[in-house]
Amino acid sequence: ISELHPEYMAIAWDEKGPTFRHQVYTQYKSTRKAADEGLSNQYKRVHEVVHAFNIPEFKLAGFEADDLIGTLALQAKKLETVVVTGDRDIMQIIDENIKVFMPKKTLSDVGLYGTEEFVARYGFPPKQLVDYKALAGDASDNIPGILGIGDVTATKLIHQFGTIKQIYQPENLKTLPERMQKLLSEGVESASLSKKLATLDTNAPIKLNLQDCVV
């Protein structure tokens, strides 16, 4: 609030229970450890603060907070929108109007990522983050990606071809080394599943009322 001086604020929460991602992949996030008790005990106070500041809250069974944030950010349309998060997944929605304010090593070491900053760090446009995860997976969410393809190779393939769809075009696939062709061919279903898991649903059935969000 003190640094960005927002005119409007809203907050989204993860709801307890499975999401639509668990329906397509039961092991989604299955490697997550339970939240540390020292952290979970503080949520009561966090909710009290949010209520005291009269910040509208959004949560919806079957959806993750990121889906709701993406939906709200797109509904804000031409407003300059800043998403405050520690989760990289949301960076896929960065565009000319949407930026991400993300802690780096500590909460006092924060980066504001627009398209330019994202490309400088990751080497490809924000919307291609889901294609990258389709290849490399994401251990924190237990998204499998393609066995044998890591961060470096995934980044190279995205640089070279842009999207999963382009990588799997026969004329592009045959330009790759034989081993890479084999890995991609064997991992085609996993790549498709992983992209689905990584892609935010920005059409969640919620509605942004800016008047309610005035700071």
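Tutor: Tyr 8, Leu 79, Leu 210 and Val 214 make a nonpolar surface patch of about 270 Å². The model is predicted, so local features need pLDDT of at least 70 and side-chain atom pairs pLDDT 80 or more, while totals for chains, interfaces and linings use all residues. Residues are numbered from 1 along each chain as its sequence is written, and side-chain values use heavy atoms, with hydrogens and water left out.

Student: What makes a group of residues a patch?

Tutor: Its residues have over 30% relative accessible area and no salt bridge; like charges are joined within 9 Å, and nonpolar side chains (Val, Leu, Ile, Met, Phe, Trp, Tyr) within 5 Å. The areas come from the Shrake-Rupley method with a 1.4 Å probe, and for residues only the protein chains shown count as cover.

Student: Why is Leu 210 called partly exposed?

Tutor: Buried means under 20% relative accessible area, exposed means over 50%, and partly exposed is in between (1.4 Å probe, protein chains only). Leu 210 has 30%, so it is partly exposed.

Student: How do you know that Arg 45 and Glu 48 form a salt bridge?

Tutor: A salt bridge needs a side-chain nitrogen of Lys or Arg within 4 Å of a carboxyl oxygen of Asp or Glu. For Arg 45 and Glu 48 the N to O distance is 2.5 Å, so by that definition the pair is a salt bridge. Both residues lie in helix α3 (residues 43-52), three residues apart, about one turn of the helix. Helices (H or I, at least four residues) and strands (E, at least two) are DSSP runs, numbered from the N terminus.

Student: Is Arg 45 buried or exposed, and why?

Tutor: Arg 45 has 57% relative accessibility, so it counts as exposed. Glu 48 has 32%, so it is partly exposed.

Student: What does the salt bridge between Arg 21 and Glu 64 tie together?

Tutor: The N to O distance of this pair is 3.1 Å. Arg 21 lies in helix α1 (residues 20-24) and Glu 64 in the loop between β2 (57-58) and α4 (65-75), so the pair ties together parts that are 43 residues apart in sequence. Arg 21 and Glu 64 are buried.

Student: Why does Lys 133 count as buried?

Tutor: Lys 133 has 3% relative accessibility, so it counts as buried. Its salt-bridge partner at 2.6 Å, N to O, is Asp 138, which is buried at 11%.

Student: How many residues of helix α6 (residues 129-136) are buried?

Tutor: Eight of its eight residues are buried. They pack against elements including α5 (115-122) and α7 (151-161); contact means heavy atoms within 4.5 Å.
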